[in-house]
Amino acid sequence: MKVTIFGTGYVGLVTGACLAEMGNHVVCVDIDAGKVERLKQGDVPIYEPGLEPMVKRNREEGRLDFTTDAAPAIAHGDILFIAVGTPPDEDGSADLKYVLAVANTIGDNLDRYAIVVNKSTVPVGTADRVRAAVAARLKARDSQVEFDVVSNPEFLKEGDAVEDCLRPDRIIVGASSPRAVALLRKLYAPFNRNHDRMVVMDERSAELTKYAANAMLATKISFMNEIANIAERVGADVELVRQGIGSDPRIGYHFIYPGAGYGGSCFPKDVQALGRTAHANGYDAVLLNAVEAVNDAQKAKLFELISRHFGGDLKGKTVAVWGLAFKPNTDDMREASSRRLMEQLWNAGATVRACDPEAADETRRIYGERADLVLCDRPYEALEGADVLAIVTEWKAFRSPDFARVRGLLKTPAIFDGRNLYDPVAVEDAGLAYYGIGRGRSL
Ligand code: UGA
């Protein structure tokens, strides 16, 4: 099939590459000419396992192209995906200007039936707004061309994006037109083998499904962080509690890991946006607001522990930080907990020596060269001359360090384990102080 995708961010690029991999002819459109040039050379601007070879292969085989030119791309596609960004505006609502700009361009150029598919995470009601925008532009040029608008949210996780896209656990299709549903059923057939993963519903329910999924996952995390804060105060170990409750299949083991807070481009933004949508519709989403508040406090947790350890005076101290990306297997620093920690440390007069397997360049791009930030290629190099070590992201490389070596390098040996990676007893036996998240009983 012929597919056009607007936006070459995580969602657009991964979707484009995976649809091409399944034999479709895909044209990806982006307004960033530099990015399009890089992608044409097979140079993928984000770190995502498996993506670059897939992009290169499908380009070489002529199934994947990149362009800044929207008109021929619209003429190409029977299915036009909108996968552009929806950044939060000042009040936390999702800003639809990029989505609606694409809808306008489609309306200005469409000359035969196509379906317009919203893949970006967009507030409930956006399908209607996209439909109205396309229709208005068609009307302005007296066009009788028919089209359908579908909501088809994406559920991929960064770091597993290609895998998730190739093997989705559900395909949500919000559509009122049987013709559009039939086309999407055909497009997704190769992803939908063995059992039917496609759930068809109306557009608004599909749009809300996306927010509900992310809000539920974020709620699980904030809930566990709250339990961790209680555990700490009552002398319990949240890691034991986690195992104890996860064994109940109604609760499950996933997404109940306490830590230094959730980050990324989705949870913080989507929880906030859903709260704003509720408010705008006359409902005060008490639980969602609390999820956000707990997470915000949790992001300050490591700093509080470190500051308390040093009696509130961090001037001249050096803190080694292992892990900068908002989670492992990505170089994405959006809303990363490391950023809050580093900024608080700098404000308190401390220096940071940091190591991350992928996010160093991104960190440099965000913060520039500064005397109080030293980016190190290797984990142990970050410890040289440092007072203490904080773990912010649970990359595999940080999972089982040589604690004796860590102790030997740190001036005042202490580990602040923001992801509860280590056995507190093993750390203390090696002669280091251990601080975890919600591990009162172990201390
Ligand atoms: C999230 C969802 O998991 C995807 O299903 C969704 O498609 C995506 O948002 C999106 O809307 O596009 P992602 O942001 O890539 O995916 O990251 P997650 O793996 O969900 O992790 C989010 C954050 O939660 C990370 O900072 C992670 O460290 C934290 N986390 C996760 C915890 O603190 N505890 C946990 O138990 C799990």
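Trainee: How many residues surround the ligand, and which are the closest?

Mentor: First, a caution: this is a predicted model, in which local features need pLDDT of at least 70, side-chain atom pairs count only at pLDDT 80 or more, and totals for chains, interfaces and linings use all residues. Residues are numbered from 1 along each chain as its sequence is written. A residue is near a molecule or strand if its C-beta atom, placed from the backbone, lies within 6 Å of it. Here 20 residues surround the ligand, and the closest are Glu158, Tyr257, Tyr262, Gly264 and Cys266.

Trainee: Which classes of residue does the shell around the ligand have?

Mentor: Ala, Val, Leu, Ile, Met, Phe, Trp, Tyr, Cys and Pro count as nonpolar, Asp, Glu, Lys and Arg as charged, and the others, Gly among them, as polar. In the shell around the ligand, 11 residues are nonpolar, 5 polar and 4 charged.

Trainee: Which helix gives the most to that shell?

Mentor: Helices (H or I, at least four residues) and strands (E, at least two) are DSSP runs, numbered from the N terminus. Helix α9 (residues 203-234) gives the most, with 3 residues.

Trainee: From which domains does the shell draw at least three residues each?

Mentor: Domain bounds come from an automatic or database domain assignment. At least three shell residues come from each of domain 1 (2-201) and domain 2 (202-443). The centres of these domains, taken over C-alpha atoms, are 33 Å apart. Two residues are in contact if their C-beta atoms, placed from the backbone, lie within 7 Å; the contact between the domains takes 26 residues from domain 1 and 24 residues from domain 2.

Trainee: At what angle do helix α11 and helix α12 pack?

Mentor: Axes are lines fitted to C-alpha atoms, for helices over the stretch in contact, and angles run from 0 to 180 degrees between N-to-C directions. Helix α11 (residues 267-280) and helix α12 (residues 286-299) pack at about 150°, with their axes 9 Å apart. Angles under 35 degrees count as roughly parallel, over 145 as roughly antiparallel, 65 to 115 as roughly perpendicular and the rest as oblique. Therefore α11 is roughly antiparallel to α12.

Trainee: Which residues of α11 and α12 meet?

Mentor: Val271, Gln272, Leu274, Gly275 and Ala278 in α11 meet Leu288, Asn289, Val291 and Glu292 in α12. This contact has 5 nonpolar, 3 polar and 1 charged residues.
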